[in-house]
Amino acid sequence: MAAPPSRRPLPASPPGRTRRTAGTVTSIIGVFVLVLVSLQLFLLMVALDAAITLDDGLAWASALASVVLGACAAFLYGYLRRFQR
Amino acid sequence: MSSSDSPRDRSRRDAPGQRQAPEASSSGGRAAGAEGTGEEAAGADGPGEAVWRRDFPVPAAGEEEVTRREFVRYLTLASGGLAVATLGVGAWTSLQEPAPRRPKAIAALDDVPVGGEHLFRYPTEEDPAILLRPAVDEVRAFSQRCTHLACLVVWERADGHLVCPCHHGTFDAADGRVLAGPPERPLSPIDLEVRDGVVWAVGGGGH
C-alpha cells in the first residue's frame with residue numbers, strides 16, 4: 001500500500017470569533033460598499049451633466065470624490081480579507 | 001485498508017466524480033483496484049476525511065460567507081470601474097475647448113417683430129440660440145439649450161418665460177435665471193450689438 005499523501009488541514013475559525021460573527025461583518029461591509037457604489041453612480045451622472053455644459057471644475061470635483069469613495073471601498077474589501085484570515 | 005471500510009461506504013464518502021463503478025463496488029475484491037490511490041489513502045485516515053476535501057476545503061457552513069465575500073469583491077471592482085469612468089469624463093471635459101466667440105450677424109432688426117423671436121446658432125452651428133424682441137428698442141438673446149439636460153427652450157410670450165418642454169424648467173426671459181423646474185443654472189446669455197439696423201452676436205452663449 002502506498003503511503004498516504006500529505007494533506008493540508010482544513011482552515012480553522014479564528015479563535016474567539018464565530019462563523020456567524022464573520023458572516024455579519026461581511027454583510028455589513030457589503031452594505032457599506034453597496035452604498036459607496038451607489039454614490040459613485042450618482043457622481044458619474046453629475047460628471048456627465050458637467051460634461052454637457054463643459055463645466056470641467058464640477059467634472060473634476062466629481063471624479064475626485066468618486067476616487068475617494070473607490071479607495072474607501074477597496075480599503076473595506078482589504079479589511080474584510082484580513083478579517084477572514 | 002481497514003476491514004470495516006467496505007467499498008460501498010467508501011463510495012458514499014467520496015466525491016461523485018471519484019466514485020467507483022457499480023460493478024467494481026459489487027464485486028467486493030475488485031474494489032481493491034483503488035489501492036494506492038488517494039481514495040484509498042483517504043479512507044485510511046479515518047471516517048469523514050475524503051480526498052476531495054483537499055481540493056475543496058470549504059465547509060458547507062461557510063459557503064454562504066464565501067458568496068458574500070465574492071459579492072463584495074465584485075462590488076469593489078465595480079467601484080474602481082466607476083471611479084475610472086468618472087475620471088475619464090473629467091479628463092474629456094477638460095480637453096474640450098470652448099468655441100471662439102466671433103462677432104456674427106444674426107438678423108436685421110426690422111425682420112424681428114416686436115414681441116417676436118428669431119432662432120439662430122451661436123457661437124457655432126451646433127449651438128442653437130434664441131433672439132427675443134420684447135419691446136421696440138429692446139433685444140435679448142440666450143442659448144436655447146436648457147441647462148438641465150440640453151433640451152431646447154421655447155418662448156412663452158404670455159408669461160414672459162422661456163420654458164423647457166422636456167421637464168418644464170422655466171427661465172425668466174429678462175435675464176435667463178431659473179424660475180422653476182429642475183435646472184440649477186441660468187440660461188447662457190448672448191451679448192448683442194445693433195449695428196446699422198443689424199443685430200450682431202458678439203460674445204457669450206454656448207454651454
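The model is predicted. Helix α1 of chain A has 34 residues, and an open sheet of chain B holds 4 strands.

**The helix in chain A**

- Helix α1 of chain A covers residues 19-52.
- From its first C-alpha to its last, α1 of chain A reaches 50 Å, which is close to the 50 Å expected at 1.5 Å a residue.
- A:Leu54 follows α1(A) and has a positive phi, near 55°.

**The sheet in chain B**

- The strand order in this open sheet is β5-β6-β7-β8 (chain B), and the pairing is antiparallel.
- β5 (154-156) and β8 (178-180) of chain B are the edge strands, each pairing on one side only.
- On average, neighbouring strands of this sheet are turned by 35° against each other, direction ignored.
- Strands β6 (residues 161-163) and β7 (residues 170-172) of chain B run antiparallel and are joined by 3 bridges.

**B:Thr170**

- B:Thr170 belongs to strand β7 of chain B, and B:Val163 stands opposite B:Thr170.
- B:Thr170 counts as buried because its relative accessibility is 13%, and buried means under 20%.
- A polar atom of the B:Thr170 side chain lies 3.4 Å from the backbone oxygen of B:His168.
- Leaving out residues up to four places away in sequence, B:Thr170 touches B:His161, B:Leu162, B:Val163, B:Arg177, B:Val178, B:Leu179 and B:Ala180.

Notes
Residues are numbered from 1 along each chain as its sequence is written. Chains are lettered from A and ligands numbered from 1 in the order in which they are written. This is a predicted model: local features need pLDDT of at least 70, side-chain atom pairs count only at pLDDT 80 or more; totals for chains, interfaces and linings use all residues. Side-chain values use heavy atoms; hydrogens and water are left out. Helices (H or I, at least four residues) and strands (E, at least two) are DSSP runs, numbered from the N terminus. The expected span of a helix is 1.5 Å times one less than its number of residues. Two strands pair if DSSP finds at least two bridges between them. Axes are lines fitted to C-alpha atoms, for helices over the stretch in contact, and angles run from 0 to 180 degrees between N-to-C directions. Buried means under 20% relative accessible area, exposed over 50%, partly exposed in between (1.4 Å probe, protein chains only). A polar contact is a pair of N or O atoms within 3.5 Å; within protein, one must be able to donate a hydrogen and the other to accept it, and residues adjacent in sequence count only if both atoms are side-chain atoms. Contact means heavy atoms within 4.5 Å.
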